[in-house]
Structure formats: structure tokens, C-alpha cells
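Subject: Handing over a structure, with notes

Dear colleague,

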Amino acid sequence: TGQSLVDGDVVFMADNGSWSRDLQNAAVATDAQEVELLEQRAQRAVEENMVIDVYPMVVVKDSQGNLQPDHIREKIRVSGPSIDYN
């Protein structure tokens, strides 16, 4: 996960290396080697000024097979701003 430099939105890296605002499009690593590869791809996106503050986040699948954040910080980030900016 990271934040888009274009608009500041929370984004998730997809399998094809693009960045999506939808957690369901996120690439999922199942072992340490895959995490390392995803981190390297994410770092390239940082160097290309696409995103900032990238880091791997723990996800779990719910009973319907949808990805859900495992930690409260990411649950808040996925749900959007906690205050109204209008």
C-alpha cells in the first residue's frame, strides 16, 4: 500500500504493477520472497514519483473471499478519511 502522489489517495499495488484505490485489486504475497519482490516493485514506483509511503500490509480473506485489512490502521485507511473535508 501507499499514497498516490497525484491526489493523496490510499492505493494498493496490483499484480501488473499498476496502483488501484480498490483493495480487492491488490497483489498478495504468500511468503517472504514474494513480499520482497513486491517491495522492490513498489520502491521503483516511489522512485518514479507515482506513490509515497509504501509498505506491505497484512490482509486476510473474509468468508466471501474478499481481502480485508488485518490491522486497525489499515482498516481506517481503506475506509477513507475519518473526517469530512468539505
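What follows goes through the sheet, the cores, the pocket and a few single residues.

Please keep in mind that this is a predicted model, in which local features need pLDDT of at least 70 and side-chain atom pairs count only at pLDDT 80 or more, while totals for chains, interfaces and linings use all residues. Residues are numbered from 1 along each chain as its sequence is written, and side-chain values use heavy atoms, with hydrogens and water left out.

The sheet

Helices (H or I, at least four residues) and strands (E, at least two) are DSSP runs, numbered from the N terminus, and two strands are said to pair if DSSP finds at least two bridges between them. On that basis there is an open sheet of four strands, in the order β3-β2-β1-β4, with antiparallel pairing. Because β3 and β4 stand at the edges with a single partner strand each, one side of each is left without a neighbour in the sheet.

Strand β1 (residues 2–4) pairs with β2 in the antiparallel sense over two bridges, and the bridge partner of Q3 in β2 is V10. The hairpin of β1 and β2 has five residues between the strands, and G8 takes a positive phi near 80° there. On the pairing of β2 with strand β3 (residues 19–20), the sense is again antiparallel, over two bridges, with M13 standing opposite W19 in β3. The hairpin of β2 and β3 likewise has five residues between the strands, and in this hairpin G17 takes a positive phi near 90°.

In a regular strand the side chains alternate between the two faces of the sheet. Both faces of β2 are covered, since V10 and F12 on one side and V11 and M13 on the other are all buried, where buried means under 20% relative accessible area, exposed over 50%, and partly exposed in between (1.4 Å probe, protein chains only).

The cores

A nonpolar core is a set of buried Ala, Val, Leu, Ile, Met, Phe, Trp, Tyr and Cys residues joined through side-chain atoms within 4.5 Å. The largest nonpolar core has eight residues in all, namely V11, M13, W19, A27, L38, A42, A45 and V51. Both β2 and α1 supply at least two residues of this core, and α1 gives the most to it, with three residues. Apart from this core lies another, of six residues, among them V10, F12, M57 and L67.

Contact means heavy atoms within 4.5 Å. Leaving aside neighbours within four places in sequence, L38 is in contact with M13, A27, V28 and A29.

The pocket

On a 1 Å grid over the protein atoms alone, a pocket is an open set of points where a 1.4 Å probe fits, with protein on both sides within 12 Å along at least five of seven lines, and lining residues have an atom within 4 Å of a point. The largest pocket has a volume of about 390 Å³, a volume being the space filled by probe spheres set on the points, which are joined across faces, edges and corners. This pocket is lined by 20 residues, of which T1, A27, L38, P56 and M57 lie nearest its centre. Among the contributors, β2 (10–13) and α1 (32–47) each supply at least two residues of the lining, and α1 gives the most, with five residues. The lining divides into 17 nonpolar residues, two polar and one charged; here Ala, Val, Leu, Ile, Met, Phe, Trp, Tyr, Cys and Pro count as nonpolar, Asp, Glu, Lys and Arg as charged, and the others, Gly among them, as polar.

Single residues

M50 is found in the loop between α1 and β4 (51–52), and at 35% relative accessibility M50 counts as partly exposed. Leaving aside neighbours within four places in sequence, M50 is in contact with Q3, S4, L5, W19 and A45. N49 is found in the loop between α1 and β4 too, and at 58% relative accessibility N49 counts as exposed. N49 has a positive phi of about 60° although it is not a glycine.

E74 lies in helix α2 (residues 72–79) and is buried, with a relative accessible area of 6%.

With best wishes
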